[in-house]
Protein chains: 2
Amino acid sequence: MSVLQELSQNVKSIKPLEYEILARRLKMIRKELRQGERKPYKEVLDVSFGDLHMSGLKPLSFVRQVLAACLYPQLIKSSTFPVDVKQRAQRLLRECAGGSVGSYTATAGIHEIVQRISEFITRRDGGVPCSPENIFISPGSQWSIGNILKILLNSEASPRTGVITPVPNHSTTNSSIMSLGGVVVPYYLNEEQGWQLQVEELQRALDSAKGQCNPIALFVTNPGNPAGQVQSRKSMQDVIRFVSEKRLFLLADEVYQDLLYENSEFVSYKRVLAEMGPPLSDTVELASFHSASKGFIAECGLRGGYVELVNVDPTVMKHIHTMFSTDTCAPVLGQLALDLMINPPQPGDPSYPLYHKEVEHIRTALIHNAKRVREVLNSLPGFSCQPVEGGSFVFPRLFLPAKAIQQAEEMGMKPDTFYCMRLLEEAGVLVLPGSEYGQKEGTHHIRFCIMSPQETMEEVLRRITSFHTQFMRDLS
Amino acid sequence: MSVLQELSQNVKSIKPLEYEILARRLKMIRKELRQGERKPYKEVLDVSFGDLHMSGLKPLSFVRQVLAACLYPQLIKSSTFPVDVKQRAQRLLRECAGGSVGSYTATAGIHEIVQRISEFITRRDGGVPCSPENIFISPGSQWSIGNILKILLNSEASPRTGVITPVPNHSTTNSSIMSLGGVVVPYYLNEEQGWQLQVEELQRALDSAKGQCNPIALFVTNPGNPAGQVQSRKSMQDVIRFVSEKRLFLLADEVYQDLLYENSEFVSYKRVLAEMGPPLSDTVELASFHSASKGFIAECGLRGGYVELVNVDPTVMKHIHTMFSTDTCAPVLGQLALDLMINPPQPGDPSYPLYHKEVEHIRTALIHNAKRVREVLNSLPGFSCQPVEGGSFVFPRLFLPAKAIQQAEEMGMKPDTFYCMRLLEEAGVLVLPGSEYGQKEGTHHIRFCIMSPQETMEEVLRRITSFHTQFMRDLS
């Protein structure tokens with residue numbers, strides 16, 4: 001008998017993801033293809049993940065050159081790299097203990113980088129001040145979110161502590177809340193209105209929690225993942241008034257702030273809050289998350305993110321400092337990547353022309369993909385796709401015929417997982433089911449990533465079109 | 001009023017570290033020196049941390065060359081690096097999604113690296129089989145320990161769950177246990193016997209928990225941190241029999257397995273367990289931790305470690321898989337560093353001569369430092385230092401005069417912190433107080449790191465000698 005048989009309830013509440021079922025099949029299909037098995041496609045296109053480099057888009061040369069020079073400083077002496085790359089590497093190495101990226105750093109991050117992040121935020125927000133004391137670098141934004149949730153969620157409280165979270169939402173945040181003993185209180189984004197957040201719905205969610213749990217925070221993602229909406233200033237003002245009135249902590253996942261399409265504009269919650277003036281600007285407690293895994297830099301594998309805290313009570317800040325300081329530091333190269341993301345080459349720098357060209361190449365691909373995905377899907381019967389205004393995902397609605405739902409049930413699968421599995425099997429495209437992210441009862445969706453070269457996205461859309469047409473014909 | 005005023009008890013139980021008080025003063029002294037203030041030293045020597053590169057020892061060229069080439073693959077085409085470096089980089093890039101270290105990997109780590117870790121363990125343990133299914137790569141070993149503790153500790157259990165942990169111990173593990181709602185049950189290593197672990201003491205610790213908590217696991221570090229002892233096979237066999245009899249999960253921190261002095265030998269708990277044969281070898285549940293932050297590679301900043309699980313119940317393993325899979329992957333360069341650590345260049349490889357020379361340079365310095373520290377400290381009245389058999393720290397005992405203890409009390413400081421503060425202030429050497437790691441009531445220690453160039457350690461010892469002599473003269 002195992003000494004571990006009495007597992008913590010919180011750990012047991014973590015459910016395996018639908019994704020894993022599909023990922024396992026993907027692995028097998030790839031193996032079958034390698035073994036020469038005949039299929040209607042030569043390779044599988046995996047657009048399930050928000051991973052620019054995996055999709056075939058290239059890393060930014062400037063970023064990689066600086067990091068390579070930091071790892072192997074002899075490169076600074078050689079003629080391999082442009083002079084601004086070498087200077088950046090030299091400066092960053094001076095800021096590392098012992099001049100090595102292999103040393104530990106302060107647990108909140110390298111001081112100088114934290115300082116420059118605060119300057120970046122001030123610039124971005126049109127001069128709203130930002131103190132480095134309120135910034136903590138971490139191995140990615142999900143990790144920061146988890147750490148702030150640890151502070152917010154009291155696993156011993158009765159009733160339990162709740163967090164009001166959007167539907168749809170990326171699944172990791174909900175898992176974190178549950179594994180820490182918190183309760184997920186869902187609010188629905190309005191799909192028909194382009195996935196906008198509506199305050200009446202927040203109120204309904206809050207009311208629904210009565211007698212169930214004690215909601216202490218509201219979680220928003222802007223630009224949205226997976227729904228791709230970008231919030232208007234007006235909507236953000238409504239949210240800020242709501243959290244102030246209901247005394248909720250505001251958690252703002254803003255990692256997609258650089259990825260904008262359809263003329264949409266990103267404004268940070270911090271900025272909107274400052275613009276609203278006192279008493280709101282002095283009282284609403286806010287945590288804003290950003291990451292080097294997203295945007296044009298897209299260095300997911302380096303693991304660097306940060307959180308900025310606003311208006312948090314000083315005694316609580318002390319606990320947060322202590323909690324972060326018991327952790328080891330974030331990976332140094334992830335920290336350096338953050339610095340390169342917020343301070344890219346400027347016009348006149350030797351690296352600027354190539355940097356600019358590479359970013360524009362990615363931007364053009366994403367704008368193209370965001371537009372084409374919507375055009376193509378909306379031309380297919382049984383699909384309805386809202387505009388993709390920002391971020392890296394699209395979350396189209398799928399109107400499945402009754403026969404498809406019945407077949408899925410017979411196979412013990414959720415209808416949207418059934419659709420994804422068939423799409424993978426028959427067309428060699430991996431997308432993920434809406435049930436993984438939450439959706440209104442009775443509706444179905446798929447989620448996929450638009451961060452890929454245009455040709456790849458065109459091929460994905462061709463395969464979806466052909467599969468979907470056949471699927472609807474067979475099962476209608 | 002803050003919405004966070006009701007902080008989770010577990011978070012509040014995390015105390016700020018003594019280290020922070022000293023670190024703050026260190027920062028100020030460095031600033032004062034920069035501003036030209038006159039002190040008896042020109043720079044502070046910080047030997048408080050186990051950080052090879054910070055101390056001035058150099059990173060291994062082979063490791064850095066491969067990683068730089070992986071970051072910026074154009075380097076593979078150039079003539080900058082030896083051919084085996086390029087081949088390693090090419091192979092590793094093939095194993096990264098999209099051929100980029102910027103992509104996410106499987107959450108347990110890149111499959112091929114996990115596979116090679118299992119082969120390394122099998123080699124190391126003289127053929128004892130190891131399955132890749134039981135290995136999880138993480139951002140450092142502390143993170144793995146935290147994740148396994150999350151599984152072990154049931155924060156809702158009554159009585160609470162306990163973990164039997166050594167005194168002295170590195171402070172992060174104890175913080176993790178407490179922050180997860182567990183109870184630390186201390187057992188004392190026997191200083192007079194070279195910090196050996198004694199089973200009678202484990203029994204005493206277990207008895208002491210009665211009525212307090214339900215001990216579910218035993219934590220050991222071998223080679224020891226901070227005490228520097230290396231366990232004998234016999235002692236490990238005793239421990240294995242003890243955990244089997246008492247049905248405890250065995251947590252073995254083995255991150256210092258490559259750093260051995262004084263003819264000591266490292267044998268893994270997994271190997272000893274296998275040698276003991278059934279029923280023990282089939283039943284004792286073990287987690288063993290290793291890291292790329294230690295050893296000769298010492299890439300703390302890259303954040304790569306792993307845990308191997310042995311004999312864990314399959315249903316529990318499923319939960320562990322699920323829990324690890326809700327996290328994002330470990331930093332890719334940390335994962336690659338692990339691979340380079342366990343598969344260094346071999347004789348005949350173009351990189352071997354330089355690699356060998358660099359490793360031997362570090363090894364010579366550490367062997368010298370381990371020996372010299374003991375010689376010098378034991379020659380000083382009021383110091384007693386056990387042999388440093390392994391690891392990167394020394395934990396000498398300090399016999400403080402009554403006057404020193406009284407002065408410390410008057411200043412509201414722990415006596416050993418008082419000593420460390422005076423040493424920092426007057427001699428410009430940062431070491432940490434034993435109270436940070438736990439010590440027998442009424443005894444005092446300091447901890448410092450021996451991973452530094454020989455000249456640095458000699459200078460540290462000169463400064464300690466001179467300070468200590470004066471300190472004892474003044475306060476005796």
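Modeller: Let's start with Pro226(B), which you'll find in the loop between strand E5 (213-221) and helix H10 (233-246) of chain B. Helices here are DSSP runs of H or I with at least four residues, strands are runs of E with at least two, and both are numbered from the N terminus. Bear in mind that this is a predicted model: local features need pLDDT of at least 70, side-chain atom pairs count only at pLDDT 80 or more, and totals for chains, interfaces and linings use all residues. As for labels, residues are numbered from 1 along each chain as its sequence is written, while chains are lettered from A and ligands numbered from 1 in the order in which they are written.

The thing to look at is the peptide bond from Asn225(B) to Pro226(B): it is cis, with omega near 10°. Chain A has a cis bond too, joining Asn225(A) and Pro226(A), with omega about 10°. Pro226(A) sits in the loop between strand E5 (213-221) and H10 of chain A.

Helix H9 (residues 199-208) of chain A packs against helix H10 (residues 233-246) of chain A at about 25°, their axes 10 Å apart. (Axes are lines fitted to C-alpha atoms, for helices over the stretch in contact, and angles run from 0 to 180 degrees between N-to-C directions.) H9(A) and H10(A) are therefore roughly parallel to each other, a label for angles under 35 degrees; over 145 is roughly antiparallel, 65 to 115 roughly perpendicular and the rest oblique.

Who makes the contact? From H9(A) come Val199(A), Leu202(A) and Leu206(A), and from H10(A) come Asp238(A), Val239(A), Phe242(A) and Lys246(A). Contact means that two residues' C-beta atoms, placed from the backbone, lie within 7 Å. By class, that makes 5 nonpolar, no polar and 2 charged residues. (Ala, Val, Leu, Ile, Met, Phe, Trp, Tyr, Cys and Pro count as nonpolar, Asp, Glu, Lys and Arg as charged, and the others, Gly among them, as polar.)

Trp195(A) has a phi near 60°, a positive value in a residue other than glycine.

Now zoom out. Chain A is assigned domain 1 (9-57 + 356-475) and domain 2 (104-342), with bounds from an automatic or database domain assignment. Their C-alpha centres lie 27 Å apart, and 31 residues of domain 1 are in contact with 34 of domain 2.

Finally, the two chains. A rotation of 180° with 0.0 Å of shift along its axis superposes chain A on chain B (RMSD 0.0 Å), fitted by least squares on the C-alpha atoms of residues with pLDDT of at least 70 in both. That is the relation of a two-fold axis. Of chain A's residues, Ala68(A) comes closest to the rotation axis, at 2.2 Å (C-alpha). In the interface, 72 residues of chain A are in contact with 73 of chain B. H13(A) gives the largest share of chain A's side, 6 residues. Since 100% of the interface residues of chain A are also interface residues in chain B, the copies meet through the same surface.
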